[in-house]
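User: I've got a structure to go through with you. Can you walk me through a few pieces of it?

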Amino acid sequence: MTVTEAPRDVVEAPAGPAPSAPPRGLAAVLGSGDPRTVGKLFVGTSLLFLLMAGVVAVLVGFERVDLSGFEVLDSDIVRQLFTLQSIAAVFLGVLPLLIGLATAVVPLQVGASTIAFPRASAAAYWTFLASGGVVLAAYALDGGPFGGDGEAVALFVAAFIALLVALAVATISVVTTVLTLRAPGMTLRRTPLFSWSMVVGGTVWLLTLPALAGVLLLVYVDLRYGQQFLGGSDGMYDRIAWAFWQPTLYVFAVPALGIIADVVPVFARRRHHRHTAAMVLIGLFGALAFGAWAQIGFSVDGESDPTDWLYDGVWIVVGFLALVPVVGLLGLWAATLSRGKVRLGTPLVLALFAGLLIGGGVAAGAVTVIEEADVLTTTWASGQELLIVAGTLVAAAAGLALWAPKLYGKLLPDGLVRLGATLLTLGAGVAAVTYGIAGLYDQPRSIAGSLDGVSEIDTVETLNLVAAVGLVVAVTGALAVIAALLVPSRRRPVADDPWEGHTLEWATTSPPPVGNFATVPEITSEAPLYDARYTGASVRTSESTEASA
Amino acid sequence: MATISSEIEVFAGAPAAEPPRPRVLLVGSALASGAAAMVLLTLVAVYTSMRADVIASGERWLPEDANVQLSPGNMGMITLLMSAVTVAWAVYSLRNDDRVHAYLAFGLSILLGIAYIPTVVYGWQQFGVGATSSTQALLIFTITGLHVAMAGVGLAFLAVMAFRALGGQLTGRAAEGASAAALYWYVTVAVYGAVWYGITITK
């Protein structure tokens, strides 16, 4: 009988686009569809954009120190910078940073040889880079919301739409990878939590970004061909501001929860407590974060209420209900840590910081939906946005520290990363709390808002000074994290699995070879490497890993 | 009588079963279709929301000289529904290796898809006012124009898959590309259903 049977625990790498030999030199960057290269490009570029957004936030912060007038910059410029800080932080920074991390890590986590649609993913990066540059150029040419140059304003809108398309395409690549290219035996229930969070977050992004693009398209047609029925450049920010409010704001933090959920069990040296429950909670948070319905309405006659959803049933329910998954996940992580043998590695420290910031942001959101508190249009909401954005950034830094061996083939310098993340957390936390307190004194969120209702102007100005200093500290921290990526590693070569990871990305070399895995183990749980290490289950790692060992 | 072992010998020389094909293109197309639909559905939502606000305040929604005719919209809807049937026919034929019917169905689908565009253009001509004359006109022209663009992408997708079928790349066992194009087309037709109801029927 001539029956040949492969060992049960070893199967061929899953089908997918055939990997090709990596290009060299400039072609390795310009023409590469390698997900690790594209992911690193996304990460590097988004960090630079984030730094710029941080500097803009500092400038706007110092403008608030003296509320009697605009001291540092011209009032029109300040209004534009006010919009730029949010647009740059979210759409040029946080979102592409998470997409970049996912582009590089998700194929490894699910045991795929490469990402789905690698060329589309690479094209998305270059479109992101070009359109992001044009968005900034349009601002420089007096475009953007509140811009005075009609051509530059239209250019901004067109570039912003292109940016959203690029981010959507890159997201489709990542989500498709998780849904179709998982290793044999890796059911969705066994998918690593970061990959799962990208499915959840990515799906909601794909429902949200096009909604924003649709509105922008209408604004563009109105600007270029209409009679500015929709308010022209001055009314434009009202059309897009919903993307920076809850519940939409939360959707950008969904992958951050996945990163934390992947970091915690590794450093607790224990399985994630109730993995399936964590998946459900991440899914619930993502579902609640869909907020394209909560937009400022268009008004033809100027009489209808443009925000009739405010303090209405759904908005209030979502505001409170969003606490449930976050508190549930914090509880699961606490249970995982309390039952494990904790090792306080840098990624865990950062993940804990991120969990606290995001938890604080969602709690602040629950206060926002209380009508009697009346803080939605005050700097309380700015503080909430800062907590969510900073929490997501710190989580991304935790992810970079964890997966640096796979992305860069080195470990990041512990001290510098910890220092940077601590400064980022402290600075953002102080700024958020002080903005929140200033919001309770009725300081308007908009920098050009009326100060008529502000009580205790001197106190508010002092709080704003503290917030501005906090922002400086946060930007310094972000600089330290970026510097950590640039510092060459002294420890070479880095081990394939320096953290004793649980999921499949640690079963290959650091950095991974072309095609990621020569052979992929059949997956029988959500933590196959943990099983192999602690329960003696049979898991055979890739041939390349064995060779390097 | 053949023994079990000899039967195994017979099958031992057969090629190994093909591993299940990951439906990368189909899933990617589904996600892209959903995203494209969201762009248009958002605009339709904006249209209906504004319309409801104006009517609630006792005003007339469409300007008096504007004229949204039923005939072009209905013809467009019927044309697209027929194209959805022919697209399903194309995919069914391809899966059953019935290449002649597949070519015929692809051809009809593309023809019907192209025929939809003049119905929209005719509707614009009959509208009576320019796109920039009012918020209502701006919305109607933007929404219907964007749907024509969406249908154009779908037609290109269908054409590529039809040519791949002509070239023999899409056989019965690997008709995923045709299924992906068909899925995108179904979403295009469904979205037009929302546009048609929101603009042509309710006006």
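User: What kind of model is it, and how do I read the labels?

Analyst: This is a predicted model, in which local features need pLDDT of at least 70, side-chain atom pairs count only at pLDDT 80 or more, and totals for chains, interfaces and linings use all residues. Residues are numbered from 1 along each chain as its sequence is written, while chains are lettered from A and ligands numbered from 1 in the order in which they are written.

User: Chain B first. How many helices and strands in chain B?

Analyst: Chain B has six helices and zero strands. Helices (H or I, at least four residues) and strands (E, at least two) are DSSP runs, numbered from the N terminus. Along the sequence the pattern reads α-α-α-α-α-α.

User: What share of chain B counts as buried?

Analyst: 43% of its 203 residues. Buried means 20 or more other C-beta atoms within 10 Å of the residue's own, with C-beta atoms placed from the backbone; 12 or fewer is exposed, and in between is partly exposed.

User: And what share of contacts in chain B with a separation of 6 or more comes from residues 24 or more positions apart?

Analyst: 81%. A contact here means two C-beta atoms, placed from the backbone, within 7 Å.

User: What about the end-to-end distance of H6(B)?

Analyst: H6(B) covers residues 176-201. Its 26 residues should span 38 Å at 1.5 Å a residue, and its end C-alpha atoms are 36 Å apart, which agrees. The expected span is 1.5 Å times one less than the number of residues. Just after H6(B), Lys203(B) takes a positive phi of about 55°.

User: Switching to chain A. How do H2(A) and H4(A) pack?

Analyst: H2(A) is residues 35-63 and H4(A) is residues 118-140. Their angle is about 15°, with axes 10 Å apart. That makes H2(A) roughly parallel to H4(A). Axes are lines fitted to C-alpha atoms over the stretch in contact, and angles run from 0 to 180 degrees between N-to-C directions. Under 35 degrees counts as roughly parallel.

User: Which residues make the contact?

Analyst: On H2(A), they include Val38(A), Leu41(A), Phe42(A) and Phe49(A). On H4(A), Ala122(A), Tyr125(A) and Leu129(A) are among them. The contact divides into nine nonpolar, three polar and no charged residues. Ala, Val, Leu, Ile, Met, Phe, Trp, Tyr, Cys and Pro count as nonpolar, Asp, Glu, Lys and Arg as charged, and the others, Gly among them, as polar.

User: How about H3(A) against H5(A)?

Analyst: Helix H3(A) (residues 75-110) and helix H5(A) (residues 150-180) pack at about 20°, axes 9 Å apart. They are therefore roughly parallel to each other. Phe91(A) and Ile99(A) of H3(A) and Leu163(A) and Val174(A) of H5(A) are among the contact residues. By class: 13 nonpolar, four polar and no charged.

User: Now single residues. Is Val266(A) buried or exposed?

Analyst: Buried, with 26 other C-beta atoms within 10 Å. Val266(A) sits in H9(A), residues 254-268. Leaving aside neighbours within four places in sequence, its contacts are Trp499(A), Glu500(A), Gly501(A) and His502(A).

User: And where is Leu463(A)?

Analyst: In H16(A), residues 457-486. Leu463(A) is buried, with 25 other C-beta atoms within 10 Å. Beyond four places in sequence, Leu463(A) contacts Thr434(A), Ile437(A) and Ala438(A). Its C-alpha atom is 7.1 Å from that of Tyr435(A), 28 residues apart along the chain.

Methods: Angles under 35 degrees count as roughly parallel, over 145 as roughly antiparallel, 65 to 115 as roughly perpendicular and the rest as oblique.
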